[in-house]
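Subject: A structure for you to look through

Hi,

Here is the structure I promised to pass on. Have a look at it first, then read my notes below.

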Amino acid sequence: MTAHVQTAADRWDEAFNGGDTGKLATFYSSDARVVPAGGKPVDGPSAIGAFFADLRAKGFDGHKITVQSVLERDTVLVASGTWALTGPGEGGQQQYSGNWVNVIERRGDDLRVLLHSWN
């Protein structure tokens, strides 16, 4: 299952890095929540897509997710790993990175994120 989640994460990275934040919204369930590090929670696919569009507009790019573990319980997966991206900082572009966790609903081969959080 880790490989399947990594493939989905790679597609998420492609959508973000390609600026297709509308497509990003399709990775999330209708009642999804994103809890950004130090920020207010964002609810629902449309608002989540807008949240990531705002990050792109601020100059963040080059996102890369690495899936390190996946716990599977019936139709729910808890995936975690690391993330990295570049974005504006003091003196120009800089690298940011941290850990992330997703709670994912599995419907056959279809995966939809219920909860997405990172530090």
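**What I found**

The protein has 3 helices and 6 strands (both are DSSP runs, numbered from the N terminus: helices are H or I with at least four residues, strands are E with at least two). Along the sequence they follow the pattern α-α-β-β-α-β-β-β-β.

Before you go on, please note that this is a predicted model, where local features need pLDDT of at least 70, side-chain atom pairs count only at pLDDT 80 or more, and totals for chains, interfaces and linings use all residues. Residues are numbered from 1 along each chain as its sequence is written, and side-chain values use heavy atoms, with hydrogens and water left out.

**Overall shape**

The C-alpha atoms fill a box of roughly 45 × 25 × 25 Å along the principal axes. The radius of gyration is 14 Å, which agrees with the value near 14 Å for a compact globule of 119 residues (it is taken over C-alpha atoms, and the globule rule is 2.2 Å times the number of residues to the power 0.38). The accessible surface comes to about 6,300 Å², and 52% of that belongs to carbon and sulfur atoms (areas come from the Shrake-Rupley method with a 1.4 Å probe; for residues, only the protein chains shown count as cover).

Of the 119 residues, 37% count as buried (buried is under 20% relative accessible area, exposed is over 50%, and partly exposed is in between, using a 1.4 Å probe and protein chains only). If you take contacts between residues at least 6 apart in sequence, 49% of them join residues at least 24 apart (a contact means heavy atoms within 4.5 Å).

**The inside**

The largest nonpolar core has 27 residues, and Val-5, Trp-12, Tyr-28 and Phe-52 have the most contacts inside it (such a core is a set of buried Ala, Val, Leu, Ile, Met, Phe, Trp, Tyr and Cys residues joined through side-chain atoms within 4.5 Å). At least two core residues each come from helix H1 (2–17), strand S1 (28–35), helix H3 (45–57), S3, strand S4 (76–89), S5 and strand S6 (110–118). Which element gives the largest share of this core? That's H1, with 6 residues.

Leaving out residues up to four places away in sequence, Val-5 touches Val-67, Val-70, Leu-77, Ala-79, Ile-104 and Leu-111. Gln-6 is in helix H1 too. Is Gln-6 buried or exposed? Gln-6 is buried, because its relative accessible area is 18%. Beyond its neighbours within four places, Gln-6 is in contact with Lys-64, Ile-65, Thr-66 and Val-67.

Asp-61 sits in strand S3 (residues 61–73) and is partly exposed, at 31% relative accessible area. With residues up to four places away not counted, Asp-61 touches Phe-16, Asn-17, Arg-56, Leu-85 and Thr-86.

Gln-94 is in strand S5 and counts as partly exposed because its relative accessibility is 30%. Apart from residues up to four places away, Gln-94 touches Leu-85, Thr-86, Gly-87 and Gly-89. So Leu-85 and Thr-86 turn up in the lists of both Asp-61 and Gln-94.Val-101 lies in strand S5 (residues 92–107) and is partly exposed, at 32%. Leu-71, Val-76, Val-78 and Val-101 form a nonpolar surface patch, with about 260 Å² of accessible area together (patches take residues with over 30% relative accessible area and no salt bridge, joining like charges within 9 Å and nonpolar side chains, meaning Val, Leu, Ile, Met, Phe, Trp and Tyr, within 5 Å; a salt bridge is a side-chain nitrogen of Lys or Arg within 4 Å of a carboxyl oxygen of Asp or Glu).

Cheers
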